[in-house]
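Hi,

Here is the structure I promised to pass on.

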Amino acid sequence: QAKGNGRDTVRFFDPVMQAAVDERMALEKALRQALQGGELSLYYQPQVDRAGHCIGAEALLRWHRPKHGSIAPSAFIPVAEETGLILPIGRWVLEAACAQLKAWAGDPETRDLQLAVNVSARQFYQPDFVAEVQAILANSGANPTRLKLELTESIVLEQTEIVIERMQALRALGVSFSMDDFGTGYSSLSYLKRLPLEQLKIDKSFVQDISTDPNDAAIVQAILAMSHSLGLMVIAEGVETPEQQAFLLAHGCDAFQGYLFGRPVAIENWITTHDTSVKQVIAPAGWHTPKR
Ligand code: C2E
Ligand code: MG
Ligand code: MG
Ligand code: MG
């Protein structure tokens, strides 16, 4: 209790902290209702290959909160993770993504698109995660080879053996994996060759200053060279300028995602975005072809 007047008393009550706690509890309650109330949706951001063709999308969660507007994932995903709400939310994301894959499968224009879905650590570590993904794939009728799960380095470092086992089980179903935000975590290069990964995703913080900061340029070049010698595909995220893309192309980057090609959009806007935003680029001669 608050008793902050005596010299030797400790103050337990801090109004600022209390306000933060209240706000968080309100957010948690609202998030709980958001799932039932249909306030969550997926946005889709195009991913393009070296020739500028759209090869897929990343599904990004959006929360349209009545009277609050759109809330960024950075503001609510951490709360969802701490409260465990990420489990039902993550399941909903997978269901929505698989339903979209199924819809895309009906059109020759879109049936080869891959859809990347972010998976949080808590979600990946729930004991029945593999069974859950399998059931969602089966119920939706989506082609598992079109589903790509994005993991972060923090997931992998915790319990590497369990992670490898689960990844292999999902790989056996046809699902593939990308290492998101690569380079920002406590990267251990040794695990890279042990994980059944298909792709590394270079974090946007390295891409941002690629044409002005020699250190970032060197890091990106090293990531590309290492990934390719391990047979991994590389996608760069946060590509905003033609200069960034040119650098990445020159060093063999396989795929690109960023505002230069299109912002994340609601599915109603997907076709237009994907048609107008994908720019034709010419790959320089002798670019690297990954081994698998
Ligand atoms: P992420 O997976 O690394 O996603 C990429 C983020 O970069 C997205 O932010 C995207 O909108 C943003 N972005 C894309 N292109 C550009 C660009 O050219 N420049 C800049 N500055 N940013 C760009 P968003 O949508 O706010 O998502 C933030 C993070 O929230 C994601 O980072 C991911 O970690 C998490 N997240 C989003 N959706 C989900 C989800 O369904 N489940 C889980 N567990 N996490 C999610
Ligand atoms: Mg991601
Ligand atoms: Mg990322
Ligand atoms: Mg990121």
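To start with the ligand: how many nonpolar, polar and charged residues does the shell around ligand 1 have? Sorted by class, that shell holds eight nonpolar, five polar and eight charged residues. Bear in mind that this is a predicted model.

There are 21 residues around ligand 1, and the ones that come nearest are Arg62, Asn118, Asp180, Glu240 and Tyr259. I also looked at a few N and O distances. An oxygen atom of ligand 1 sits 2.8 Å from a polar backbone atom of Tyr259. For Leu61, a backbone N or O atom lies 3.1 Å from a nitrogen atom of ligand 1.

Which elements supply the shell? Strand 2 (54–65), helix 2 (73–83) and strand 6 (176–182) each give two or more residues to it. Strand 2 gives the most, with four residues.

Now the pocket. Ligand 1 takes up the space of the largest pocket, which has a volume of about 930 Å³. Its lining comes to 33 residues, and Glu58, Leu60, Pro73, Asn118 and Asp180 are the ones nearest the centre. By class, the lining has 13 nonpolar, 10 polar and 10 charged residues. At least two lining residues come from each of strand 1 (40–49), strand 2, helix 2, helix 3 (86–105) and strand 6.

That's what I have on the ligand site for now.

Cheers

Definitions and conventions: Residues are numbered from 1 along each chain as its sequence is written. Chains are lettered from A and ligands numbered from 1 in the order in which they are written. This is a predicted model: local features need pLDDT of at least 70, side-chain atom pairs count only at pLDDT 80 or more; totals for chains, interfaces and linings use all residues. Side-chain values use heavy atoms; hydrogens and water are left out. A residue is near a molecule or strand if one of its heavy atoms lies within 4 Å of it. A polar contact is a pair of N or O atoms within 3.5 Å; within protein, one must be able to donate a hydrogen and the other to accept it, and residues adjacent in sequence count only if both atoms are side-chain atoms. On a 1 Å grid over the protein atoms alone, a cavity is a set of points where a 1.4 Å probe fits but cannot get out, and a pocket is an open set with protein on both sides within 12 Å along at least five of seven lines; lining residues have an atom within 4 Å of a point. A molecule sits in a cavity or pocket if more than half of its atoms lie within 2 Å of its grid points. Ala, Val, Leu, Ile, Met, Phe, Trp, Tyr, Cys and Pro count as nonpolar, Asp, Glu, Lys and Arg as charged, and the others, Gly among them, as polar. Grid points are joined across faces, edges and corners, and a volume is the space filled by probe spheres set on the points.
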